[in-house]
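User: I would like to learn how to read the contacts between parts of a protein model. Could you start with the general idea and then turn to the case at hand?

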Amino acid sequence: MDGWFGFQVIWDNMAHFLVGRYPSGPIGGLALTIWLAVVSCALSIVIGIFTGLLCVSQNRFIKYPVLTVVNAIRGIPLLMVIFWMYFLLPAFMGMVVAESWTVIAALTIFTSAYMSQIVQAGIEAISRGQTEAGLSTGLPRNQVMVFIVLPQAVRNMIPSFVNQLVSLIKDTSLAFIVGVAELTHVATQVNNRTMVYPAQIFLFIAIIYFILCFMLTSYSRHLEQKLAYRKGI
Amino acid sequence: MFKYQFDWSVVLTGQYAQWIVDGIKVTIQLSMASIALSFLMGLIIAVMRMSQVAPIRGVAHGYLEFIRNTPLLVQFFFWYFGSYQILPQAVNDWLNARDFEFAAAVIALTIYTSAFIAEDIRSGIRSIPKEQMEAARSSGFSYIRSMLYIILPQAVRLTIPPLISQFLNLTKNSSLAMTIGVAELTYQARQVESYTFRGFEAFTAATLVYLVMSLVITGLVMLYDKKVLSPTGMK
Amino acid sequence: MKKILAVLLTVAFVAGLAGIALAEDTYDIVKKRGTLIVGTKDASPGFGYIDPKTREIIGYDCDFAAYLAKKMGVKLELKGVTSAARIPQLQAGNVDLIAATLTWTAERAKQVDFSYTYFLTGQKFLVKKGTVNSLADLEGKKLGTAKGTTSEQNASKALPKATILSFDDYPQAFLALQQGKVVAVTTDESILAGILGKAPNKDQYEIADIRISDEPYGIAMRKDSPKMLKFVNDTLLEMEKNGEAKKIWDKWFNPKSDQPMPRGKFKITADRK
C-alpha cells in the first residue's frame, strides 16, 4: 500500500482524478476543469472585446460607466464574485442554474474585466494613422473600429488571450468552494477519504495543472515571438 | 416562496458587525505581512534569475514556472496539509502550538505572489541600460552591490505600476485563506451568512470593503511612488 | 462608490423579487421532470460518501432518498453538497430535497421545512486517545469542525474560550486533528463514528464521552411545498412501519460495521424528536 512513498494512492484513484464520478455520475475531475476554463474563456473573449470597444468609445456616457464597472470587478476577489453568482444567479434568472454554470458565469464576469483591459490596450496600440486612414475613406468611426482597427489589434492580443486561459485554468480551482467536482474538489474528496496522503495528492494535481498551464504559457510565448518578428519587417 | 426582506442591521450592528470588523483586521494583517515578504522574496528571485551562475538561474527559473502555473488554492492546501508530511515532527509541533493557519496563508501568498513580482522586477532590471552595470563594476562595486545600490532602485521605480496590481491581486487572493480556516473577511461574511441566512447583506458589506481596500492600496502606493521614489527623492 | 453601491443594491433587490418564480410545489416539479434531485453529503462516511470502486455516492441518507424516489416513481439523482452549501442549494432550486445530516434547528426551520426526524444523534468530540476526559480539558484549545453547521454554533456556546477552526468538511477537520493542528474534532457522534471507522489509524483515536447537544436529523425541502412535505412524512412513517427504516439503519450502523451505533429506542414518529 505504501509503495513509492504513498504515491500508490494516485494510481488507485486515477479515474476519479481524470473524469470524476463519470459514467455513474456527472463528469468531473480534470475533464470538468478543462470544460469550465474553455467555455469561460470563449465567453469572456466575446464580452471582453465588446466592453473593450465600449471603453474606448468617444461617448463619455458609455465610456465612464463601463470603465467604472470594469474597475469595480477588478477590485473584488474572484471568490466574492463566485459567492455573488451563487446567491444571485438562481434568484435573478428565476430558475434553476447548475453550479457549473454559476461558476462559468462568475469566471466569465471576472475574466471579461481583464479581457476588456487587454482589448483596450490592444486598440490603443494600433497606430492613429490606421484610424485616420480609415476615417478618410469615408467609413463611420464605429466601422473603422470594428473592421480596420480591431482585426489588427486582436491578432496582437492572441498571446494575452492564451495567458488569460492559463489564469482561468488556475481559477477554476475555486469552483471547489461551491462543490463543483473539478480537479481540486476531486482531490479534496480523495484526500478526505484516504486521509494520510495530502502531500502526494496535492503535489500530483499541482503537477497536472502545471503541465497544462506550462504548455499554454510556452505556446503564448512562441506566438509573441512570431508576432514580434512579423512586426519587425 | 421567499420574498427577500433586507435587514442591514445584521451587518451594521451587534455581534455580526463585530465579526465583519474582525475579518477586515485579519485580511489587512495577512495582506500587509505577505506584501512585505513577497516583495523581498521577489527581489531575491529576480536577482537569482539574472545571475551569471547557471544552476542558480535554473533553480530560479524552475521555481518561477512551477509556481506561476499552479493554482494558488492548491498551493494553500499543499502548504497547510502537505507540509506536515515533509517537515520533521518537532517543527510540526512547534508550528501547531502557534497560529499555523495564518502562517501557512502568509507562506502560500508570499511564494505565489513573489513569482509574479520577480518577473515584473526582472523586466524592470532589463530595461536599465547595460552600461550602468558596467560603469558600476568598473568603479569598483561588486556584482551584488551594483545590483543593490545602482540597478535595483531604478528597476523598482520602473516596476511600481505592475507591482501595485500584484499587491492588489494579493489582497484579493488573501480571501482563499478561508479554506484553511483563517478567519479573514470572506470567511466572516460567509459565517454571518450561515448563522443568519442574510447572504446579500453580508456579501454586499464584504464586497464594499474589498473595493475600498483596492482604492486605498492604489492610492497609497501612488503616493509613495510620488513622494519617496521620485527622481529628486532618490538622492 | 455610490454608483456601485446603487447598482449592487438594485441588483440584490431585483434578485430578491425574482425569487417568487419558484412558487410551484416541489412535488409537482419532480413529477413533471421525472427525476428527484437529492442533496447528500459526499464525504460523510455512513451517510453519504463516494464508493472508491464505483465512484457512486452511497450511505444512510442515500438509501432514504432512493426509497422516496422509488415511491414517487421517478429516477433519483444524487448531488454532493457541503455543509455550508446545503440550504443555499435548496433555496436556489438546485436540489429538491436535502438528506445530508441536517440537524433541525428553530433558525433553520424558518428558512426551510423539515420532515419528521429520521435519525437521532448528539454532538461529541473526536480526540487522540486519553487526552480528553472532560469538557474543561478542551476549554481554550483549538477545535476543528465544518462551516455552516450546528456543531460550530454549539461548540462556541459550550466552550466560549476555545478557538474554532471551520473547514469545508469534517474529514479535513480530522486531517487537522491527525496533524495536531486541532486537539479535537467536534460534531454529531454519528459523523465522528463514520470518520473514525474509515480512518487508517483508528486505534489512536476515540470519541470522548462528552455530549453537548441533541441532534435530530430531518429531510429538508423548500417552504412552498406542502404536498412534498406530506409525501416525505407519510413515506417516512411507512418506512418505520414496514421495517425498511430499521433495515437501512442496521445496514450502515450494525455492530460489525465500521461505525457501529445501536438504534436503541429511536423510532420515526409523527413528532420532532
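This is a predicted model: local features need pLDDT of at least 70, side-chain atom pairs count only at pLDDT 80 or more; totals for chains, interfaces and linings use all residues.

Analyst: A salt bridge here is a side-chain nitrogen of Lys or Arg within 4 Å of a carboxyl oxygen of Asp or Glu.

User: Into which domains is chain C divided, and how many salt bridges are counted between domain 1 and domain 2 of chain C?

Analyst: Domain 1 of chain C comprises 23–118 + 218–253, while domain 2 covers 122–215, and the count between the two is 1 salt bridge. On the side of domain 1 of chain C that touches domain 2, the residues fall into 5 nonpolar, 6 polar and 3 charged.

User: How should I read the area that domain 1 and domain 2 of chain C bury between them?

Analyst: The size of an interface is often given as the accessible area lost when the parts come together. For domain 1 and domain 2 of chain C that area is about 1,100 Å², with 59% of it on carbon and sulfur atoms. Of what domain 1 buries there, Pro45(C), Ser83(C) and Thr103(C) supply 38%, more than any other three residues.

User: What area do chain B and chain A bury between them, and which residues of chain B lose the most?

Analyst: Chain B and chain A bury about 3,100 Å², 75% of it on carbon and sulfur atoms; in chain B, the most area is lost by Asn69(B), Lys172(B) and Phe203(B), together 19% of what that side buries. Across this interface the rule finds 1 salt bridge, and the side chains of Arg221(A) and Glu65(B) meet in a salt bridge at 3.0 Å, N to O.

Notes: Residues are numbered from 1 along each chain as its sequence is written. Chains are lettered from A and ligands numbered from 1 in the order in which they are written. Side-chain values use heavy atoms; hydrogens and water are left out. Buried area is the accessible area (1.4 Å probe) that two parts lose on being put together, summed over both. Domain bounds come from an automatic or database domain assignment. Ala, Val, Leu, Ile, Met, Phe, Trp, Tyr, Cys and Pro count as nonpolar, Asp, Glu, Lys and Arg as charged, and the others, Gly among them, as polar.
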